[in-house]
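I opened the model to look up a few local features. The entries below are in the order I took them.

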Amino acid sequence: MSQMPDLDGGDPSPHGFWRGTGAALAEAHVLLGERDPETALRISGVLRAHGAATVHVVASAGDFLRAGADPPEPVRSWDVAVWDAGLSEDEAALTEVLGRWRAQRPGVPVVVTDDAPSAPRAVAALRGRAADLVERADHEGLAGVVARVAAEHADPLGVEAAGQNTLRMLVVGAHPDDVEIGAGGTIHRRTHSGWDVTILTMSRGGGGGDPARRRKEAHRAAEVLGARLLMEDLPDGSMADDRVTVQAVERAVAEVGPDVVFVHSESDTHQDHRAVHRATLVACRKVARLVCYQSPSATVSYRPNRFVELSEADMEAKLAAIAAHHSQASSRWYLDEDLLRSTARYWGRFSQTRYAEPLELVHDSTPLGYYHADYA
Ligand SMILES: [Zn+2]
C-alpha cells in the first residue's frame, strides 16, 4: 500500500482554488472513473478530505455511464464526475464516452484526468465538452478543480450571490401545444434543475377542436413537463398585437416575475404567432431576457443563436407532452414523432449533442458576469 498523500501540508497546487473555499466540495457527490484501484483510493481520500460526501469509483466506460444514469443509494444526483482518459482506448473513445455522458446527464460536468495531458487528448476532451483536464498524479490539483466545477454546477448563474433562490421562466404560446413543440425539452430540462416554469397559452385552441377538451390536454401536457399553466381566452385565428394581448402577457409577467421569457418568433407564417410575439416584446420590455423558440410555422428567416442541449429524458418528456394533445396528435403533420426527433437531432449539430432546441435571443440586459450558457 502506498503512502497516503499529505492532505494539508505542502505547497498550494497550481489549481489550488479550493483553498479558502473548501466548503465548495461539502456534501458533493462525485463519480470517479479510474483504472487503478490504488490511485482511486488516494483520489477518493483527497476528495473526501476536502468535504466530498460520496466518491463512487468505477473502472469502465459501461459502469461509468450506468452509474451516471442510475446513481447508487443514497446519491440522488451527481455533482461532478471524473474520468481517467486512460480508461478510453483512444481520443475518439474519450470524446465518445464524454458525449454519451452528456446525452444522459447534460448538466453534470466531467473533469478528465490524464497521465500527461497532451494536445490530442485536450482536443478530444474539449470536443466532449469536458469541464477541465488535469494531470492524473496531481491529486490536490484535481481536488481544487473538482471543487471549482462542483461549485459552478451547484450555482451556475451565481443566483445565490444575486440574492435569488429560484429562477423563473415564462413560456408564451398562442395555442395549446405551441409551447411544447417549440420548447418542451427545454422546459423539462429547466423544471428538473429547479427552475419555476409557467406556460401562458393565449387561447383555448377553439379553431382546432373542442376548447374544453383542449384545455384538459394542455393541463396534462404542462404536468408532464413539470410546469404550471395559465390560459387566456383570446380568439383563435384572429389575435392582434393590441392592448388586450399586451395586457394579457403583462398580467402573467406581473404574476410570475420571470428572469427569462420564451415566445414565438417574428419569422413565422401564422398571424396569431406573430401577434403574440409582438405583444410579448412590448409586455416584456422590463424582463431581463427574451428569446424566441421555433414553431412549426417558423420561416427560413428564423435565425437561432442559442441551443439548449436535451437529454434523452428531456426528449421523451417533450414527446409525451405533445402526445398529451390527443385531439391534435393524429391529424397534424408537425406532431409526427419522427419529425420532432429529427428536428431536435438536426439542431443538436450546433451544440454537439444528440438533441437540442434552438432559440433566438432577442434581448439580454443581464449584468455582465451573470451570464451562463444554460441561462438562455
Ligand atoms: Zn400555434
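Where is the place of Arg-129? I found Arg-129 in the loop between H4 and strand E5 (132–135). Helices (H or I, at least four residues) and strands (E, at least two) are DSSP runs, numbered from the N terminus.

Before going on, I note that this is a predicted model, in which local features need pLDDT of at least 70 and side-chain atom pairs count only at pLDDT 80 or more, while totals for chains, interfaces and linings use all residues. Residues are numbered from 1 along each chain as its sequence is written, and side-chain values use heavy atoms, with hydrogens and water left out.

**Backbone entries**

I looked up phi for Arg-129 and got a positive value of about 60°, although Arg-129 is not a glycine. I then checked omega and found a cis peptide bond between Glu-73 and Pro-74, at about 0°. Pro-74 sits in the loop between helix H2 (61–69) and strand E3 (80–84). For background, most residues other than glycine have a negative phi, and most peptide bonds are trans.

**Helix packing entries**

Axes here are lines fitted to C-alpha atoms, for helices over the stretch in contact, and angles run from 0 to 180 degrees between N-to-C directions.

I took H3 (residues 91–104) and H4 (residues 119–127), whose axes are 8 Å apart at an angle of about 25°. That makes H3 roughly parallel to H4 (angles under 35 degrees; over 145 is roughly antiparallel, 65 to 115 roughly perpendicular, and the rest oblique). In their contact (heavy atoms within 4.5 Å), Glu-91, Leu-94, Thr-95 and Leu-98 of H3 meet Pro-120, Arg-121, Ala-124, Ala-125 and Arg-127 of H4.

Next I took H8 (residues 243–256) and H9 (residues 271–283), which pack at about 55° with axes 8 Å apart. H8 is therefore oblique to H9. On the H8 side I noted Thr-245, Val-246, Val-249, Glu-250 and Val-253, and on the H9 side Ala-279, Thr-280, Val-282 and Ala-283.

Last, the axes of H6 (residues 178–191) and H10 (residues 312–323) come within 8 Å and cross at roughly 135°. H6 and H10 are therefore oblique to each other. Among the H6 residues that meet H10 I noted Gly-182, Gly-184 and Gly-185.
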